Amino acid sequence: MTADTRINRRSLLQLGLAAGAAALTTRYSFAAPAAGPARFVFVIMRGALDGLSVVPPYADPDYARLRGELAIAAPGATDGALPLNGFFGLNPGLSFLQQAYTQRELLVLPSVATPYRERSHFDGQDVLENGGTAPHASQSGWLNRALAALPPPLKRGGQSGVALGQNVPLVLRGRAEVASWSPSVLPDLDEDTLQRIADRYASDELLSKRLAEALSTDQWVAEAQAGSVPAAMSSTDASMQDSGGAQSNRSTPQRYLQTVRTAAGFLARDDGPAVAVFDTTGWDTHFNEGGARGQLRNRLAVLDQSLAVLKESMGSAWAHTVVLLATEFGRTAAINGTRGTDHGTASSALLLGGAVAGGRVLTDWPGLSARTLYQQRDLKPTLDLRSVMKGVLHDHLQVSQRALNEEVFPDSGAASALSGLLRA
Amino acid sequence: MSIDCAAPIAANRFGLGAVPGQLAQIGADPRGWLSSQLRGPPPLLGGAQLRPTADVLRDAAAARKQLQALRRNSPDSTTSAAGAVGSLMRVGALLRQSYVADVTARLQSGASSERPFLERLVYFWSNHFAVSVDKLAVLGVAGSFEREAIRPHVLGHFSELLLAVEQHPAMLLYLDNQRSAGPNSPAAQRAANHDRTLGLNENLAREIMELHTLGVDAGYTQADVSSFAKVLTGWSLGGGEGPLSRGNAGEFLFRAPLHEPGAQSVFHQRYEQSDEAQGRAVLIDLAQARSTARHLATKLARHFIADEPPPAAVEHIAQAFEHSGGHLPTVYQALIQCDEAWSAPFSKFKTPQDYVLSTYRGLQLAVADTPHPLAAFEVLGQRQFAPGSPAGWPDRGDDWNGASALMKRIELADAVAQKIGGTREIAALAPQLLGNGLSDATRQSIARAASPPQALTLLLTAPEFMRR
């Protein structure tokens, strides 16, 4: 196989050869508003993130007692929390996020939950993604339904959402066109073979759709990588290498950061996808969770780095970006018998980005006394996560209140959209 | 039943992919071919390089002790740092070696087994009782877990399988039960006197009820989970660190000092036993619960029939489970008898594991001859024994048929074809693998291919080879 017979997927697309490709090219007729197109990234944190360790309420009178050896001290103390507002701090692994807070780009929500009140990861994640009030209430996800309901100026002919990974998680599945993307280490096919596969798939609805999505996303990536991103990449690489860190295996986080960097590159394009989903796992900390140091902190530090890379690689598009980080539920207020925490209820969520009205902690803090804990066990939710999602989708992506209440989040009358989450 | 496609359904959906010649062998009696695989001994896997769990964990513990001794004796010197790094690497290398040996043997077994239905059932159960090697403690023992806890019991009763799984060190480590202590246990009382906390960990109890037996909608409560967690206190393994050093390293050990004293109520039953017998009794009851039969029947029907399993088939399988007291061969027979399983060919999108194994089988490749047999699974997003959660790998098409996933599968198929496509007669091979399931469109695209490698790429990427 010679170099010039290798596939140039862009040319394939432009010739309209791949099944469905013609529909996708209408994407390019979209004219971006002068302010720059809004971008929304949803970071799913699977495994029930321990909100009380991400946003330690060090000044709560019951916190240190409940958390024992996992308690994170006040800012200023050895291994203390990073300062937020004098009552809450941030986990010491989250230095970029703390910086974002001081730059008013981080809004902290310490006591949120979905409507789900049992303690199964898998049902909890299903509710987090399906946008309803019960597990398996829907085969599509709230973010896909939001895309389907976008007003005409934002709705495009092609895909408007992308999942970072090989497959699309429930939150982004549904009627609206979306794709998955992850970097490949395998050689590309020659154009002729790919064309023949596309021809064969023409009579297979699913496979022709998927192939067209893949080709279209590859084009974003190719163009993003050919653009202005590399300069920013090299400086980030250097600082990452200097940072050391507690990761015993650097290659996996490094690969992940590179993936985030590429995704940021195509999100930043005016004709790029409006929303993206990043899936993260490993937050289920039943055993040896660690406090200011240890397992959870190390994992949070990698996440923190990836968010720093996202901001840097998005360049000026960051100003129009909102990132929501959320989990299916929280963990027990008290530590368990094995220096970890078991499944709980409320957790913390974070809103990050240039478009966020940050530098604030937003909570009706329920406290951690035995009297106020949910079922004498967990942090009590005082804010419905759907209110946050609705507020962002309405103010940032201009999804109508009607669509939010009826299609995106059915049965969410009790959780009205929070306003004021974004910069005016 | 669609007689035409019965043989390819038996080989590809129930089995792991047709081997040339197999469809003819299956002939007109696909159900008989499947049933015959359920007779005979359980599908054990052995070999000199496959080590028992206890050996792996004993060696890992010894290497860790060495490391601690090094740190204690000379905390500052660079020589000890170098020694510590060396010991740490030895632990990692040791665990990785076991993992690679086991995964390679498992793949070879899948690629060449003459009882592929039974082999698929092994994978089904080890995914049902998932452990994940992204927890380092499990890395060296995920393979031995399958060999020791799953394989010997796939042709037995579900209760035996369940007990073997929940007492296996890999599961106890994966779901954090080895140190779980009853709040009123002697060990917790002693710890409290020394200002240390020792107590309950709910992880194993919850996942046994939710994932392994009853299913999430069975109606158990948080109180049931907590009580069951107390029942399971003391279910541990020998040769741990510090106060847990008693017992043989890497073997199941009931640690009476950790066990919560007294009777417990779990899911409408009261258990008065005072030791390990209490946990066994709960497991036996859970294994026989109605909800368990339905939960398992749903998963089997989803795996073998359709993403949204037909209710009648689920009911049929669940009744076989209940009436036979969880006798697994009886359950599998009921599954084979479901007409729904034979009516629609290619209704299941292959997982990466299905895809890779069916490629091995179809092309009669030996895993040993593949340069990096594990890499294909990483590339396709299904690293062996690494589902990342105790729920195991998902089993619906939408979980595997993403755009990026499809493109990687196509790229992998092409890489294989570039390498060996010239050595096969593809037009003759295609009907050997797909039988009457081979469509005219695929037959034509293969016939018109510009080269033998391209013909193989077109076979391996055909819609009917992407599915089973």
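How many salt bridges does a search of the whole structure find over all chains? The search gives 38. Please keep in mind while reading that this is a predicted model. Here are my notes, point by point.

1. **Chain A overall.** Chain A has 14 helices and 11 strands. Of its 424 residues, 60% are buried. Among contacts in chain A with a separation of 6 or more, 75% are between residues 24 or more positions apart.

2. **Extent of the interface.** Chain B brings 57 residues to the contact and chain A brings 46. About 4300 Å² is buried between chain B and chain A, with carbon and sulfur atoms giving 53% of that area. On the chain B side, the residues that lose the most area to chain A are A403(B), M407(B) and E411(B), which together make up 14% of what that side buries.

3. **Polar features of the interface.** Between chain B and chain A there are 4 salt bridges and 33 residue pairs in polar contact, counting pairs with both residues at pLDDT 80 or more. Several helices of chain B give two or more residues to the side that touches chain A, among them α11 (203–212), α20 (403–420) and α22 (440–447). The largest share, 10 residues, comes from α20(B). Sorted by class, this side of chain B has 22 nonpolar, 18 polar and 17 charged residues.

4. **One bridge to look at across the interface.** D399(B) pairs with R173(A) in a salt bridge, and their closest N and O atoms are 2.7 Å apart.

5. **S445(B).** This serine belongs to helix α22 of chain B. Is S445(B) buried or exposed? With a relative accessibility of 14%, S445(B) falls under the 20% limit and counts as buried. Apart from neighbours within four places in sequence, S445(B) is in contact with R200(A) and L458(B), so do display both chains when you inspect this residue.

6. **A buried pair in chain A.** R119(A) and D378(A) meet through their side chains in a salt bridge, 2.8 Å from N to O. R119(A) sits in the loop between β4 (106–113) and α6 (121–130) of chain A, and D378(A) in the loop between β10 (360–361) and β11 (383–384) of chain A, so the bridge ties together parts 259 residues apart in sequence. Both residues are buried.

7. **A second bridge in chain A.** D384(A) and R386(A) also form a salt bridge, with their closest N and O atoms 2.7 Å apart. R386(A) is buried, at a relative accessible area of 7%.

8. In chain B, R468(B) forms a salt bridge with D354(B), where the closest N and O atoms are 3.3 Å apart. R468(B) is in the segment after α24 of chain B and D354(B) is in helix α18 of chain B, so this pair ties together parts 114 residues apart in sequence. R468(B) and D354(B) are both buried. Elsewhere, salt bridges with shared partners join R119(A), R377(A), D378(A), E202(B) and R206(B) into one network.

9. **Helix α18 of chain B.** This helix covers residues 352–363, 12 residues in total, and reaches 16 Å from its first C-alpha to its last, close to the 16 Å expected at 1.5 Å a residue. Why can α18(B) be called largely enclosed by the rest of the structure? The reason is that 12 of its 12 residues are buried. The buried residues include D354(B), Y355(B), Y360(B) and R361(B). After α18(B) comes Q364(B), which has a positive phi, near 50°.

10. **Helix α13 of chain B.** The 13 residues of α13 (residues 276–288) should span 18 Å at 1.5 Å a residue, and the end C-alpha atoms are 19 Å apart, which agrees. Buried residues of α13(B) include E276(B), Q278(B), L283(B) and L286(B).

11. **A263(B).** A263(B) is in the loop between β2 (252–254) and β3 (264–266) of chain B, and is partly exposed, with a relative accessible area of 26%. Its C-alpha atom is separated by 6.6 Å from that of Q273(B), 10 residues away along the chain. Not counting residues up to four places away in sequence, A263(B) touches R270(B), Y271(B), E272(B) and Q278(B); Q278(B) is also one of the buried residues of α13(B).

Conventions: Residues numbered from 1 in each chain as written. Chains lettered and ligands numbered in written order. Predicted model: local features only at pLDDT ≥ 70, side-chain atom pairs only at ≥ 80, totals over all residues. Heavy atoms only, no water. Contact = heavy atoms within 4.5 Å. Buried area = accessible area lost by both parts, 1.4 Å probe. Polar contact = N/O pair within 3.5 Å; in protein donor to acceptor, adjacent residues only side chain to side chain. Helix = DSSP H or I, 4+ residues; strand = E, 2+ residues; numbered from the N terminus. Nonpolar A, V, L, I, M, F, W, Y, C, P; charged D, E, K, R; others polar. Expected span 1.5 Å × (residues − 1). Buried < 20%, exposed > 50% of the residue type's maximum accessible area, 1.4 Å probe, protein only.
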